[in-house]
Amino acid sequence: MLTHEKINGNKLSATPKLPNITIITLIIITVFCAAVSAYSPVSIFGVIFLSAASASCAVLCLIKGRYFLVVCALPAVILAYVFWGQISISAAGFLFIFCAFPLFIAKKRSLRRNETIAVTAVFTGIGLIIYYTLVLLVENNGIITAETFVNYYNAFNEQYSKMFAEYGYDEQTVQKILQYAVFFIPAFVICLLEIIAYFTTVIFAFIGRIFRIQKYIMPQFFWRLGMSSISAYIFCICYFLSVLFSSDNGISFISLAAENLIIILTPGFSVIGIKKTINRIKNRNGKAWPIIVGASAILLLFLNILAFLIAVSFIGVIETIMDEINAYKKRSE
């Protein structure tokens with residue numbers, strides 16, 4: 001059965017009436033995954049479970065209504081407390097709301113995939129700031145000062161200094177590594193938010209395909225991910241600047257800014273590079289080079305994951321620029 005929804009008095013699309021068992025299943029997935037992710041929402045497994053909870057809740061909101069954000073939030077927090085036994089951890093059970101709501105907006109505003117990921121990343125960042133601020137307030141008796149962050153940094157420094165020392169690194173090398181890590185925190189945080197947002201859209205689309213409701217819940221039926229040619233040129237310029245101004249004696253502002261931008265742009269271009277390589281292999285028409293590129297990328301993945309990311313990112317950059325050139329040629333004909 002199909003029902004129709006209206007925005008500003010105009011009939012937009014038909015929404016499917018899913019079986020009750022499907023609705024219940026989506027609720028269970030949302031609550032369970034949100035509760036599991038609460039233990040460490042920014043870890044690898046936390047990101048996956050948080051994305052799954054957000055995606056399933058977004059589907060519920062689009063099919064049944066926004067009130068499912070509240071319907072799922074309270075049970076998720078309670079279940080997280082049952083799992084982990086700490087109020088400060090269980091409070092993270094509400095974070096999926098900040099990831100799910102942007103997908104609801106994306107459908108209503110017909111946002112593109114890139115715009116959806118950007119909005120989801122911003123909302124997720126807001127949610128994480130709220131959560132960790134509350135945690136800091138609870139742990140520090142409601143008072144947060146500069147000394148609070150200094151103490152956390154010292155604890156971070158001490159913990160990882162011991163870890164690197166166990167692997168045979170000398171004190172000077174360890175301090176340099178930690179110094180670099182602090183400088184790149186903004187880029188790594190943005191990168192993390194992009195990854196959470198991307199996985200949320202992937203699982204969201206996957207749920208849509210399973211229940212055959214893509215056209216009812218997704219902003220565009222062909223919801224493709226793409227990067228602009230401008231961002232591709234920025235990536236190339238930043239890489240050139242990072243090599244030109246890098247130095248063993250210290251960190252220059254130009255190389256620092258360039259490397260932060262490279263980190264921020266790498267997830268998007270990596271995904272495009274991997275997808276384009278797979279497509280080239282599938283449609284190689286007897287050509288050997290796509291196989292060679294794909295095999296080389298797999299080899300790099302096992303040998304050096306950083307080199308792998310750089311390689312597939314540059315593939316994504318080149319493919320993005322070539323797509324823009326081809327589109328320009330078609331417009332000129």
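View 1. Buried means under 20% relative accessible area, exposed over 50%, and partly exposed in between (1.4 Å probe, protein chains only). Gly127 lies in H6, which runs over residues 113–139. Leaving out residues up to four places away in sequence, Gly127 touches Leu95 and Phe98. Contact means heavy atoms within 4.5 Å.

The model is predicted: local features need pLDDT of at least 70, side-chain atom pairs count only at pLDDT 80 or more, and totals for chains, interfaces and linings use all residues. Residues are numbered from 1 along each chain as its sequence is written, and side-chain values use heavy atoms, with hydrogens and water left out.

**View 2. The whole protein chain has 14 helices and 2 strands.** Helices (H or I, at least four residues) and strands (E, at least two) are DSSP runs, numbered from the N terminus. The C-alpha trace spans about 70 × 65 × 35 Å along its principal axes. Of the 333 residues, 39% are buried. Among contacts with a separation of 6 or more, 68% come from residues 24 or more positions apart.

**View 3. Helices H6 and H9 cross at roughly 120 degrees.** Their axes come within 8 Å. Axes are lines fitted to C-alpha atoms, for helices over the stretch in contact, and angles run from 0 to 180 degrees between N-to-C directions. The angle makes H6 oblique to H9. Angles under 35 degrees count as roughly parallel, over 145 as roughly antiparallel, 65 to 115 as roughly perpendicular, and the rest as oblique. H6 passes H9 in a right-handed crossing. A crossing is right-handed if the near helix is turned clockwise from the far one by less than a right angle, and left-handed if anticlockwise. On the H6 side the contact is made by Arg113, Thr116, Ile117, Thr120, Ala121, Thr124, Gly125 and Leu128. H9 contributes Leu193, Glu194, Ile196, Ala197, Tyr198, Thr201 and Val202. The residues of this H6 contact with H9 divide into 8 nonpolar, 5 polar and 2 charged. Ala, Val, Leu, Ile, Met, Phe, Trp, Tyr, Cys and Pro count as nonpolar, Asp, Glu, Lys and Arg as charged, and the others, Gly among them, as polar.

**View 4. Helices H9 and H12 pack at an angle of about 30 degrees.** H9 covers residues 185–210 and H12 residues 253–282, with their axes 7 Å apart. H9 is therefore roughly parallel to H12. The crossing of H9 past H12 is right-handed. From H9, the residues in contact are Ala187, Phe188, Ile190, Cys191, Glu194 and Tyr198. They meet Asn260, Ile263, Ile264, Pro267, Val271 and Lys275 in H12. By class, the residues of the contact of H9 with H12 are 9 nonpolar, 1 polar and 2 charged.

**View 5. Phe32 and Phe83 are one of the 13 aromatic pairs in the structure.** Rings of Phe, Tyr and Trp (its six-membered ring) pair if their centres lie within 6.5 Å; planes under 30 degrees apart count as stacked, over 60 as edge-to-face and the rest as tilted. Phe32 and Phe83 are edge-to-face, at 6.0 Å centre to centre and 85 degrees between the planes. The pair links distant parts of the chain, 51 residues apart. Phe32 sits in helix H1 (residues 20–37) and Phe83 in helix H3 (residues 68–84). Phe32 is partly exposed, with a relative accessible area of 40%. Phe83 is also partly exposed, at 35%. Phe32, Tyr39, Phe83 and Trp84 form one aromatic cluster.

**View 6. Phe101 and Phe104 form a stacked aromatic pair.** Their rings lie 6.0 Å apart centre to centre, with 20 degrees between the planes. Phe101 and Phe104 are separated by about one helical turn, because they are 3 residues apart in helix H5 (residues 96–109). Phe101 is partly exposed at 24% relative accessibility. Phe104 is buried at 10%.

**View 7. Ser110 and Arg212 have positive phi values although Ser110 is not a glycine and Arg212 is not a glycine.** For Ser110, phi is about 55 degrees. Ser110 is in the loop between H5 and H6, and is partly exposed at 46% relative accessible area. For Arg212, phi is about 55 degrees. Arg212 is in the loop between H9 and helix H10 (214–217). Arg212 is exposed, with a relative accessible area of 71%.
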